[in-house]
Amino acid sequence: MPKIKVKRASTTIDMTAMCDVSFLLLTFFILTATARQPDPLPVDTPASTVQIKVPDANLGTITVGDNGKMFFGVAGPNVRVRMLERMSEKYSVGFSQKEKERFALMEGFGVPFGNLKQIIAMDNAARNKPGLQPGIPSDSVGNNPSELHEWIIAARYATKEINNAEMRVAIKGDAKEQYPAIKKVIDILQGQKINKFSLVTNLRTENYAE
Amino acid sequence: MAELNTGGKQMPRVDLTPMVDLAFLLITFFMLTTTLAKPHAMDVAMPDKDKENKEDQLEVADNRTMTILLGANDKAEYYMGQLEKPLEGPTVTDFSKNGIRPVLLKKLKDVQAATGKSLIVIIRPSDKSNYRNLVDIMDEMKIVNATQYMIGDIGTAEVELLKRDGIY
């Protein structure tokens, strides 16, 4: 007599298809993600309820932190090279092609112009060591405007030349930074007739605006 | 007698569940880091600063202006009208939900009702205030929907006032 077979549904599901899909997505996200460079000057930005994101392109960021140290960075490698070229004309310091290429990869920097070559020559890890870069001088010397002022102007011209767009300026300040340092930056911006700029903030997590 | 399954024809199967787990974990990580890492930006428009004629100050009605002075220790002080003869205040407050916000909301309404025009807020940060205070007060302006506000410089008389109230 034949046995009665009770068909049992198997509890294991074939995971192959799911695995395929998930790895496809994973590959996609890895490829589209932009590698984030470490900030040379890490700051803790204050929180606000604003929802507008910082734009990616045509943006110059002035980072203020660590008791008034100023760092400057501009978006786009080509813009950075052009900015450096303008600055090298201005201060008559030549930069080699290699140095320009290395500078193009630097997200931000905070050294007086005289020390820029040294910083460019360093590798990424050494460059971003905290406390190494003293900040860009922001005080005007005699009748000459400050170096930070010159960098911002150079970046604005470079953005205009390469992307044919106005550069937006963002101030990224540490929450504990005293107001005079921020005021200095605002004064430099207003000195170039930039009356509109952005303050970089975090998103406030708790339900604050109620 | 126990049966031995000796039929070696079965395909070797690998359990893919941990692999899928890992893949989804990584997907989540990449998704979060790419979209959420972007900081937010608060747009600020400063009044045009004319270096030639600094005396060219805008005259506004006293009953429409509210001045907020930012002092030390996350405290602020506000008054209506002019410093010499304030219509109200000066009162010390802070940046929390129950600090300056109810005052602003009330004033916005009062001024609108009394004059038919909107309230003008002048923010004067002192040297002892920090960047967080500035962002907080700007944020507060956004929250209460104050459209007319500006950041100005603080004067000596106002610093004296902050000193008197112990927040400088």
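User: Which residues of β4(A) lie on one side, and which on the other?
Analyst: Quick housekeeping: this is a predicted model, where local features need pLDDT of at least 70, side-chain atom pairs count only at pLDDT 80 or more, and totals for chains, interfaces and linings use all residues. Residues are numbered from 1 along each chain as its sequence is written, while chains are lettered from A and ligands numbered from 1 in the order in which they are written. Strand β4 of chain A covers residues 168-173 (strands are DSSP runs of E, at least two residues; helices are runs of H or I, at least four; both are numbered from the N terminus). Both of its faces are covered, with every residue buried (20 or more other C-beta atoms, placed from the backbone, within 10 Å): A:Arg168, A:Ala170 and A:Lys172 on one side, and A:Val169, A:Ile171 and A:Gly173 on the other.

User: Which residue in β5(A) does A:Ile171 stand opposite?
Analyst: β4(A) has neighbours to pair with (two strands pair if DSSP finds at least two bridges between them). Six bridges join it in parallel to β2(A), residues 59-65, where A:Ile62 has A:Ile171 as its bridge partner. Two bridges also join β4(A) in parallel to β5(A), residues 196-203. There, A:Ile171 stands opposite A:Leu199.

User: Which helix does the chain cross through from β4(A) to β5(A)?
Analyst: This β-α-β crossover is right-handed (with the strands pointing away from the viewer, the path from the first strand over the helix to the second runs clockwise). The helix on the way, residues 179-191 of chain A, is α7.

User: Are α2(A) and α6(A) parallel or oblique to each other?
Analyst: Helix α2(A) is residues 77-90 and α6(A) residues 147-163; their axes come within 8 Å and cross at roughly 130° (axes are lines fitted to C-alpha atoms, for helices over the stretch in contact, with angles from 0 to 180 degrees between N-to-C directions). Angles under 35 degrees count as roughly parallel, over 145 as roughly antiparallel, 65 to 115 as roughly perpendicular and the rest as oblique. The two helices are therefore oblique.

User: Is A:Ser10 buried or exposed?
Analyst: A:Ser10 is found in the segment before α1 of chain A. Its C-alpha atom and that of A:Gly142, 132 residues along the chain, are separated by 84 Å. Because A:Ser10 has 7 other C-beta atoms within 10 Å, and 12 or fewer is the cut-off, A:Ser10 is exposed.

User: Which element gives the most to the side of chain A that touches chain B?
Analyst: The contact takes 44 residues from chain A and 37 residues from chain B (two residues are in contact if their C-beta atoms, placed from the backbone, lie within 7 Å). The elements of chain A giving two or more residues are α1 (16-32), β4, α7 and β5. With ten residues, the one giving the most is α1(A).

User: Which strands stand at the edges of the open sheet in chain B?
Analyst: Five strands form that sheet in the order β4-β3-β2-β5-β6, with mixed pairing. Inside it, β5(B) pairs in parallel with β2(B) over six bridges and with β6(B) over four. Two strands have a single partner each, so one side of each is left without a neighbour in the sheet: β4 (86-94) and β6 of chain B.

User: At about what angle does helix α2(B) run to β3(B)?
Analyst: Helix α2(B), residues 100-115, lies across β2, β3 (75-81) and β4 of chain B. Its angle to β3(B) is about 15°.
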